[in-house]
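Me: I am new to this structure and would like to go through it step by step. Please show it to me before I ask anything.

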Amino acid sequence: MDTTILIVEDEKNINEILSYTFTQSGYKTLSAYDGVSGLEMCLQQKPDLVLLDVNLPGMDGMDVCKEIRKTSNVPIIMLTAREDEVDKVLGLEFGADDYMTKPYSARELSARVKALLRRAEMRTQTSDTKGPANIIVSGDVTINVDRYEVKKNGKIIDITLREFELLKFLAEEPDQIFSREVLLENVWGYEYLGDVRTVDVTIRRLREKIEDDPSLPKYIMTKRSIGYYFNKL
Ligand code: CA
């Protein structure tokens with residue numbers, strides 16, 4: 001089956017260049033030129049990955065991302081023209097998996113698309129496999145490593161791929177303190193040239209999802225000026 005990439009970008013020439021690039025690499029592409037139609041296309045056509053511009057007419061990329069996340073964990077890469085960190089971090093806060101700042105190199109964007117698709121594919125495949133489940137239990141949190149599933153009090157929580165991988169990485173070695181640089185390297189990939197604050201934002205989102213009180217965490221602990229660790233209850 002074809003792998004489909006949805007491109008939501010109002011600048012026509014950029015949209016066309018992206019579409020051309022990914023079609024040449026063997027992907028199927030869909031193009032939307034504003035937020036509302038991008039969102040509709042995403043919900044109806046169910047692409048395998050979304051490239052989402054931040055500055056769009058009407059509904060902006062952040063709101064589109066937030067809306068998509070209500071029903072879907074499709075990998076999303078935000079494209080932003082603004083250099084400032086706030087934009088980038090906010091993009092991740094809304095549940096995007098990655099971001100790139102314009103002007104980006106086509107090669108780097110392709111590499112990130114490929115990496116995200118590979119992870120998403122692994123997620124689908126492993127959730128189909130039979131056999132004894134690889135499960136980490138701590139207090140009222142259950143992490144099913146094979147199914148990419150996290151439960152809190154027996155209820156499945158909504159979690160993005162990156163959040164899951166960060167949680168899994170920490171939980172597989174409880175009490176081991178990892179620096180933000182190490183987490184960035186291992187969870188986001190060694191090729192990732194991101195900001196360590198990306199780690200803090202993802203930690204905060206995870207805490208909001210699995211902690212009773214995110215300001216007094218029991219599971220995902222901060223070791224001041226060193227890093228983070230998972231506390232097994
Ligand atoms: Ca734009």
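Me: In what order do the strands of the open sheet stand?
Reply: A word on the basis comes before the order: this is a predicted model, in which local features need pLDDT of at least 70 and side-chain atom pairs count only at pLDDT 80 or more, while totals for chains, interfaces and linings use all residues. Residues are numbered from 1 along each chain as its sequence is written, and side-chain values use heavy atoms, with hydrogens and water left out. Strands are DSSP runs of E with at least two residues, helices are runs of H or I with at least four, both numbered from the N terminus, and two strands pair if DSSP finds at least two bridges between them. The pairing is parallel, and the 5 strands form an open sheet in the order β2-β1-β3-β4-β5.

Me: Which strands stand at the edges of the sheet?
Reply: A strand with a single partner has one side left without a neighbour in the sheet, and this holds for two strands here. They are therefore the edge strands, namely β2 (28-32) and β5 (98-101).

Me: Which residues coordinate the calcium ion?
Reply: Donors are N, O and S atoms within 2.8 Å of the metal (3.2 Å for Na, K and Ca), and because water is not among the atoms, sites may look incomplete. Along the chain, the donors of the calcium ion follow the spacing D-x42-D-x1-N. At 2.1 to 2.3 Å, the coordinating residues are D10 (OD), D53 (OD) and N55 (O).

Me: Is D53 buried or exposed?
Reply: Buried means under 20% relative accessible area, exposed over 50%, and partly exposed in between, with a 1.4 Å probe and protein chains only. N55 has a relative accessible area of 38% and is therefore partly exposed. D53, with a relative accessible area of 2%, is buried.

Me: How do helices α6 and α8 stand to each other, roughly parallel or roughly perpendicular?
Reply: Axes are lines fitted to C-alpha atoms, for helices over the stretch in contact (heavy atoms within 4.5 Å), and angles run from 0 to 180 degrees between N-to-C directions. Angles under 35 degrees count as roughly parallel, over 145 as roughly antiparallel, 65 to 115 as roughly perpendicular and the rest as oblique. Helix α6 (residues 161-171) and helix α8 (residues 197-210) pack at about 85°, with their axes 10 Å apart. The two helices are therefore roughly perpendicular.

Me: Where is Y148 found?
Reply: Y148 is not a glycine, and yet has a positive phi of about 55°. At 10% relative accessibility, Y148 counts as buried. Its place is the loop between β7 (141-144) and β8 (149-152).
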